[in-house]
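Hi,

Here is the structure I promised to pass along. Have a look at it first, and then read on for what turned up.

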Amino acid sequence: MMGVCRILRLRLNPPRGAILQPFQGNGIPNINKICSNFGCVTSSPLTQQKGLENVTVSEVLMTKGEENIGSWLWCRTDDAVINAMKNMADNNIGSLVVLKPEGQHIAGIVTERDCLKKIVAQGKSPLYTQVGQIMTDENNLITVTSDTNILQAMKIMTENHIRHVPVIDGKIVGMISIVDVVRAVMEQQSGELKRLNDYIRGEYY
């Protein structure tokens with residue numbers, strides 16, 4: 001009998017904050033509204049972190065130390081192929097930007113693949129062949145700009161089966177490779193995994 005009286009008393013005089021509101025729409029409660037009533041914060045730093053869709057080629061160049069024009073390696077169209085090959089070997093790189101004989105205007109790009117296919121495979125002499133004879137010239141050159149999204153740069157390289165892309169903002173400002181892109185993706189994913197682990201451990205609230 002006392003239990004029945006207690007139930008009736010609660011129905012007639014519910015405690016403050018305990019009045020139930022009917023759900024609207026699909027019957028799913030609005031978690032943000034519910035949490036705000038209790039002073040909770042529902043957003044986390046995870047939603048505010050910079051994703052790959054916001055990473056640009058310019059940022060990748062900066063991690064390589066190529067934020068200053070001229071830090072990339074280059075040769076000229078009238079250089080002997082042997083010198084270009086030595087340059088690539090000495091610096092452990094797979095390509096060189098090729099500039100016209102005068103100034104900083106780009107003429108094309110030469111890669112180690114060009115040296116193999118157009119010199120070694122054809123039995124030509126790298127001593128007497130000029131870079132301009134084997135390079136990919138500017139008319140067929142695939143490039144990106146410094147504000148190109150890194151995912152778009154990756155798509156361009158994979159679709160065209162190339163590993164190196166010059167960065168052109170009116171003039172040459174750098175070079176990115178598929179290795180640079182993959183490294184940027186891995187670093188971003190590593191950062192997101194760390195933030196997720198921190199979130200799970202309760203370091204975010």
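**What was found**

Glu112 is partly exposed, with a relative accessible area of 35%; the term covers everything between buried, under 20%, and exposed, over 50% (1.4 Å probe, protein chains only). Before the rest, a word on the basis: this is a predicted model, in which local features need pLDDT of at least 70 and side-chain atom pairs count only at pLDDT 80 or more, while totals for chains, interfaces and linings use all residues. Residues are numbered from 1 along each chain as its sequence is written, and side-chain values use heavy atoms, with hydrogens and water left out.

Back to Glu112, which forms a salt bridge with Arg163, the closest N and O atoms being 3.3 Å apart. This pair ties together distant parts of the chain, 51 residues apart: Glu112 belongs to helix α5 (residues 112-120), and Arg163 to the loop between α7 (150-159) and β5 (164-168). Arg163 is also partly exposed, at 35% relative accessibility. For reference, a salt bridge here is a side-chain nitrogen of Lys or Arg within 4 Å of a carboxyl oxygen of Asp or Glu. Helices (H or I, at least four residues) and strands (E, at least two) are DSSP runs, numbered from the N terminus.

- Within helix α5, Lys118 and Asp114 sit 4 residues apart, about one turn of the helix, and their side chains meet in a salt bridge (3.7 Å, N to O). Lys118 is partly exposed at 27%, whereas Asp114 counts as buried at 9% relative accessibility.
- In helix α8, Asp180 and Arg183 are 3 residues apart, so about one helical turn separates them. Their side chains form a salt bridge as well (3.5 Å, N to O). Asp180 is buried, with a relative accessible area of 8%, while Arg183 is partly exposed at 42%.

Arg163 turns up again in the surroundings of Ser177. Ser177 is part of strand β6 (residues 172-177) and counts as buried, at 13% relative accessibility. Setting aside neighbours within four places in sequence, Ser177 is in contact with Met157, Arg163 and His164, where contact means heavy atoms within 4.5 Å.

Leu193, Leu196, Tyr199 and Ile200 make a nonpolar surface patch of about 400 Å². Patches are made of residues with over 30% relative accessible area and no salt bridge, with like charges joined within 9 Å and nonpolar side chains (Val, Leu, Ile, Met, Phe, Trp, Tyr) within 5 Å. Ile200 lies in helix α8 (residues 178-201) and is exposed, with a relative accessible area of 64%.

Finally, the overall picture. The protein has 8 helices and 6 strands, and from the N terminus on the elements run α-α-α-β-α-β-β-α-α-β-α-β-β-α. Of its 205 residues, 31% are buried. Among contacts with a separation of 6 or more, 58% are between residues 24 or more positions apart. The protein exposes about 13900 Å², with carbon and sulfur atoms supplying 54% of that area; accessible areas come from the Shrake-Rupley method with a 1.4 Å probe, and for residues only the protein chains shown count as cover.

Best wishes
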